[in-house]
Structure formats: structure tokens, C-alpha cells
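Open the model in your viewer and keep the selection panel at hand. We will go stop by stop.

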Amino acid sequence: MSLRIGVVGAGGFGRAIALASARHGHDVVVWSRKDRELPDSIRMSTDIGTVGDCELIFVAVPARHAVSTAEQLGEVVDGRHLIIHVSRGLIGAELKTVTQVIRDKTVCRRIGALAGPLAADALAEGRPSGAILGTGFPELTEMARDALGGGELRIYDTSDVVGVELASATVGFLMVVLAYAQEIGAEPSTLAVLATRGMVEVSRVGQTLGAKETTFMGLAGLGDLIAAVAGDQRPEFQLGRALAQGAKLSNARGKVGAYVEGIDVARHMMEHARRLGLDTPISSTFVALSEGRINPDDAIQALMERHVGKE
Amino acid sequence: MLKRFLSERPLRLPHFKPYVPRPSDPSIFWFNSERDDIVSEVVKRICAAHESDRARLEMALNDAAFHEIRRLEKQRDQEARDRLGYWRSMIRRIGKMDDTEQRRVLHTIVTNMTRDVAGNFDPRVYRFARRAVPRMVGGIMEPRRLMAPAPEALGRVLKVQGDLEHLRYLQNEGSLVFVPTHSSNLDSIVLSQALEISGLPPTVYGAGKNLFTNPIISFFMHNLGAYRVDRRIRVSLYKDILKLYSQVMIERGYHSLFFPGGTRSRSGMIERRLKLGLLGSGVEAFSTNRVRRVDRPVWFVPTTINYALVLEAETLIKDWLMDEGEARYIIEDDEFSQIDRWFAFFRKIVGMRGACIIRFGEPIDPFGNRVGDRGQSLTPSGREIDAGGYVERRGKPVLDPARDGAYTRELGEVLAKRYERETVLMSTQVVAHVLFRDLVQSTPGMDLFARQRLRGEIGLDCETLCQELGEARDRLRELEDQGRVRTSDVIKGDTPRELLERALSIWNGYHNSTAARLEGDRIVIGDPSLLLYYQNRLVPFAEAIASPDQLQAACEIENLGVHR
């Protein structure tokens, strides 16, 4: 049965979702502030009200625009709507997730977060891939599979929504760390230690915010990280390399051409961990490194000299 | 023997002439005429849910027999002697029974359990209780005024806050579900009194079976619409029955009350983790009505019950510190069961204006939305929406227990936040917080349990303490202006010194141990666990009201709420 699907945001991911949904025979409308060119099978609108006519809405905007987008959506949606967002970021020092923002700014309750090693071009072109949907509403998973799944995309689900969003955001930071380490010539074993211990560190913090450890070890966390290391051209990797080549953080961000939130997430995560008395050695060291407070040799030494215990 | 008989089968007054409710009577006055129908409805739905699937039916029977045998073997009382044989014989026969026999046994078990749960409502008992309870409590407070026409003492002590006019309007338009915080066994009594003096309707509520062990209390509970909840029964059918009973009552427009915290807050903290079972009954009642095209809204009223002095504080905090809070649902030897403690408690609070503040918060719909003047659900910007949309799929209302379960979890989170906003902080809680924060600050690195042993060892300069108290109060005022919490009039009106002396005088003389005492110009901490109990109400605000040099201690206090 054909669904009426709205896509908020016409960036890479928004377009990919629209293309995949249209390919599966759904009636798709994309909302964007500016008019964009899209295939004939997809309607384009600059009026947010058109999204209000859809039952399922995908929100595909960067996390830093989540608040303003949710406020606009809040004027047109109600309890009938189901929303799935694909943002990989957290908002502000309280590490608020995009789901929480949508929850606060709209009256929608059936909300989910789609994450994992899903790449926009694979989704747009219908190449085999997989993703994870964090939602408490099983009907949302069914609808997401109807909209995007088909034979090309395996959408797993979990009720650990906050886990999916935290894993997705913090893995972005670990990608920057790994790219940096790779660029300065770290051995594969060093990269493996950074990746696994980094994952433990972010999941430890995530658990204090209500996430489950297993979610970090699944598609939203480890799965996404493996995809990035395997050569997925993520902006996080480009940022890590630029920093390793000596660029200042602001310049490195400019060079990448996309706002990578990993470092901000790590900074807020550190602050949160400090208040709870948790240790975050990798995040603290890398944030200091990215801000130019220490050099790479000091960073390696600081990490290597730490007390080593049980895994 | 008689006591057991009365607690098992609470007394009902004979009806010579059936009471015919008037249109102006609250919905609960219709309960007795609908009681059998409600029981049948619950039995029918529970049986229907199990009968279509033999494996599920057999599982339910096995589960019931297994848990009941286990419970009764532990109880070793008259009930065990009466019932153990039945369950033992049944568990042996389940596998050999045919479908018809299994269904018959299920029907019998469910009918018996539902009848045991269902309450009664007698308008005569209600009218008597309306007059007698305030007078009785007032009499305990001021024996000389026992015969006075108006229980003035109770009026002074109990204050009610909230938009009562709005709630009075909504009571005629749909089902109200009052969901209060839970600190004391007195809560049901003071809350029913608060509903009464506010012109709000009497409600249906679940009461622990332990409250039915006293024949007098049992008589009142049973005849005032309370349904019995036996927490010792672990049978999953029983839990389904309780939830469905509550759901059917809400579906039919009976105003309800339950404590989502499940049990009294052992720590004194504002509840954060709520039990979702009964909460879910409100959500499912709404969706079931919508699917049946019945437009009867359900609204939840987050309510906080705030005491300056808690009857059972010492037992509760001891229980929490022993980490038995989860397991020990029924405490039979606490202050609530000691009549001399009741007298001591009421005599203590008689002179305290606003010793108990009940605050009815803004009502919300089952999906956590604000509710407008006419009962309409509103968006954060004030746009009117149809709450029925939440249970629709492709334009049609449908039943979906998984979806309603998710809504219930969300509702639980909304309620936990509302509790913080609607909590009215009392003088004893703020004074305890400042004292406890100083204790934490002066014992860095010490754990919570080691601090409990510091009785009479920590002394604080009184003047410094008053200054800190003044600063904490100023910050609480700021939080109050932001709508994050509320403070009592006493906190607003008293000087820090008066606040301190007031708190000391409230604690000392009622509690067996001395929370803190004045020694010259110093305050000596007597019982850190009592301070912990009262200060725990401020856990969510500790960081926000601390100065930079108190931040470390405040963080440690806030973490109490994260880890426990």
C-alpha cells in the first residue's frame, strides 16, 4: 500500500531517502528552504505545511538545525504523524538527542532514529545495505521497512532509542580520532586499541544517559565505525586527517566543507563525565590535542602511561 | 479468627433500599450498580485473551499454580491450609485436562481473583467518612476541639494548591486519573481529604492488601471504592486482572487514583522511575474507547504530596540504606502501624501551618500534552489537536498494545519531570539539604554509609549556615521563577534563622533520633540519615542552588539520584 511520505531536508541523505521511497512506489514530497531539482517522481515544496499531509516524515537535517526544524514541524504535525530522523549529532551541553528535541518541540510521539552504516549513495542507488532504527514503536519499524526496505536495505530495530543516537554521535568522534591516528602513522594495533577502548569509553558515558552497552557494540556503534574505517568517505575522517596535518580546528572544518560535530560532542561528553566522576582519557586527550593544548607525542605518552587494568 | 474473616471478606452494610444515584452525584456513586458487570467484563476479556491459544492458556494455569503454591508454602497460615490443596491438585491435572476443562478452570480462577480485587462503594459510608475523618484527625491534633463543628486544625495543616476550577470542569467531561507522589501511608487519607475540600470527585484506587488487615480500615477502604492489591501474589494473570480492572473503570468514566511510584519513596527523593502497569491502564482505556467510537477523554493529574514532617521517615530511610527498598514492599512494623506514633505525629504538626501541601499539577492527556480550558489537547504553542490521532493508523483508530506500551513509557517520563516542577519544597527539606551538603563538603572522599555513622561529630557555625541557607533560598526562588520547582510560603516568608529553628523544632520531639541540634553558636549534626531523607527531595536541584565552592558536594548529592 502506497504511503504518503514527507522528507524534511534536501541534502545528501534527504535526497537518498526520497529516491528510495519513490522507487518503492510511495508518494513522496521533499521540503527544503530552497527549491531543489529532483526527479519527476518526487514533489518538491518550500511550504512546510505540505509535510503535514504525510503520515510518515523523515527528518534529514544536521543536528545543529534540529531545534529550528522541529519548531517549524511543530506547527504542522500532530499525534497522527510518525517521524524518523537520520541526524548524527547531539545538541548542547546536556547532550540532548534529536529525538528529545523533536519530542519537546512537537506533539509527535511516534519517533525513531535511523542510524548505522547506511550511506546516502547506497540508499539512493538501492545497493545492499543495513541500518538500525531506534524506536519504542514497532509500527514505525514496519513503516520504515515499507518505505525504504524492499530487498536492498535490512532495517533492524531496537527500543534503545537513546543508545542508537548516542552511539551514532559518539562514533563520529571516534572516527575523527582514528583518522588522526592513521594520518600520523599509528600502527594497525594502535588503531585497534583506540577503537575498542574508545568504544568502551563512549558506551560508559552513554550508559549514564540511559543507553544500553550492547547498542554501542551493534550497528549504530561498532557497525558504523567499521564502515568508516573500511573506506566510507566520511567527513569525520577528512577532519581527522586535516587536524593531523596541522590545521587548526576551524580551518580543518572549513577544509572539510561540512560541520563535523564529533569534537563538540566529545567536549560535552567529557564535561558530563567529569560531573559524574567518570574517566574519559581518550576524549580528554584528543580534545586537548585538537585545541592545540598538547602535541601528538604528549598525547601518545599521556595515554600510554596510564594505569592498565582488566578489559 | 474474626479479624482474618473480616480482612478476607470486609463487612458491608445491609441495603434495605438500593441507593439511586442522582445526576449530580460523582461517577463512583454508580459503581455498585455496575460492579457485577465490570467484574464480568474483566473476566470475559482476560479469558478471551488466553482461550484462543492453548499453549498460552496452559502457561497461564501453570504460572498461577506455581506462584500460588510457592506463596502459600511460605505463608503457612490459614489461607495456605485452605488453598494449597486446590493448587497442588490442579498443577498435577493441567496436562491431562482437555480444552473445555482448562477453560473452565481459567474462568474460575479469573472470576475468583477479580471478585477479590473488586471493591464496593457505599454512599452511606462515604458520607460518614466525609464528616468523621477530618473530625477524627482534628481531634487527635486538638483533643479539646473534638466536638467543634469545623476541623480548623486540619484546615491549617493541610493546604491545597493548583488550578482547581479547571479540574472541577474536567471531572464532568472525562475520566480524571490522579497520579500522586508517594511518601507515606497517610497519603491516601490526606489526598482524599484534599479532593473533598477542593470540590473534586472521590476516586477509585488500589490499596495494598496489608491495609485491609485492620478490620476498621478494611471496612472503610472496601466500602469507599478501593480495590485490593495483594502484592504477595506474583501470578501474571493477577497482574493482568489488576491492570484490566483499572482500565475498565477508567473506560467507564470512573475517576481513578494510583501511585505510579508503586510504593512509598524509601529515599525521600521525588520519584523518577515509575511503575508503568497501572499508568498504562489509563492509556489503553483511552485507545479502547476510541476504537469503540466512545469519545471519553482521559486526563492524568500529576499531584505532589509534600510534608514538612514524614510519619515514617526513620523507617523508610533505614530501609533505603539497607538497600531493601525494592524487595520490601510491605513494611508491617513501621510508624504507620503504631498508634502512639500517629498521636505524636499529629500533635507535632498541629501548630504548623501548611505542614502538608497537596499540589494538583496541570492535567495532561495520555500522551503528555497540555490540556486546555475545555479539555482539548494542546501543542506547546497552544494549537488544538485531536488526541485520537495518536491511536490512529492510516486514518483509523486501532488497538495496538505495543504502541500503547511505548506511549506509557513516554508518559512515565513526562510525569517524572512534572513531579519535579510541581514539588513544593518544605522548610525541613531545604534546611536538611544545606546541612547535609556541608556534611558532604567537610568529609571529602567518604562514602554515603560512612557518613551515616558521623553522629554528633560534625559541628557547623550557625551564622555561616544561615548565610548558606539564605543563598540556597535565593537560588530556589530563581528556579521557582523559571517554573522548575516551588517553595512553601514558610520558606518564602521566614528569615534563614527562623527557617533553621523551625526545622529543628519540627524534627526534634517527634523523631526518635535528633536530626541536628543547636549547641551555643554551632549546629551539631545528630542523625545524618534523617537529614539525608529530608534533603533527598532537593537532589534534582542540588547543582542549580550551589555556589561554586559547594559544587563538588552538590554534584555528589545529585549523583545519589543517578546511581540509586
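Domain bounds here come from an automatic or database domain assignment. This is a predicted model. Its scores are ipTM 0.89 and pTM 0.89.

**Stop 1: two domains.** Select residues 4-159 of chain A and colour them as domain 1. Taken over C-alpha atoms, the centres of domain 1 and domain 2 of chain A are 26 Å apart.

**Stop 2: where they touch.** Domain 1 of chain A puts 22 residues into the contact, and domain 2 of chain A puts in 24. Stay on the domain 1 side. Select α3 (98-105), β8 (110-115), β9 (129-134) and β10 (153-158) of chain A; each gives two or more residues to this side. Which element gives the largest share? It is β9(A), with four residues. Now colour the domain 1 side by residue class: 13 are nonpolar, seven polar and two charged.

**Stop 3: a helix.** Select residues 161-183 of chain A, helix α6. α6(A) has 23 residues and reaches 33 Å from its first C-alpha to its last, close to the 33 Å expected. Is α6(A) mostly covered or mostly open? Covered: 20 of its 23 residues are buried. Step just past α6(A) to G185(A), which takes a positive phi of about 90 degrees.

**Stop 4: confidence in chain B.** Colour chain B by pLDDT. The average is 87, and 89% of the residues score at least 70. Then select residues 324-330 of chain B, where the pLDDT is below 50. This stretch has ten contacts in the model beyond near neighbours in sequence.

Key
Residues numbered from 1 in each chain as written. Chains lettered and ligands numbered in written order. Predicted model: local features only at pLDDT ≥ 70, side-chain atom pairs only at ≥ 80, totals over all residues. Expected span 1.5 Å × (residues − 1). Buried ≥ 20, exposed ≤ 12 C-beta atoms within 10 Å, placed from the backbone. Contact = placed C-beta atoms within 7 Å. Nonpolar A, V, L, I, M, F, W, Y, C, P; charged D, E, K, R; others polar. pLDDT = per-residue confidence, 0-100.
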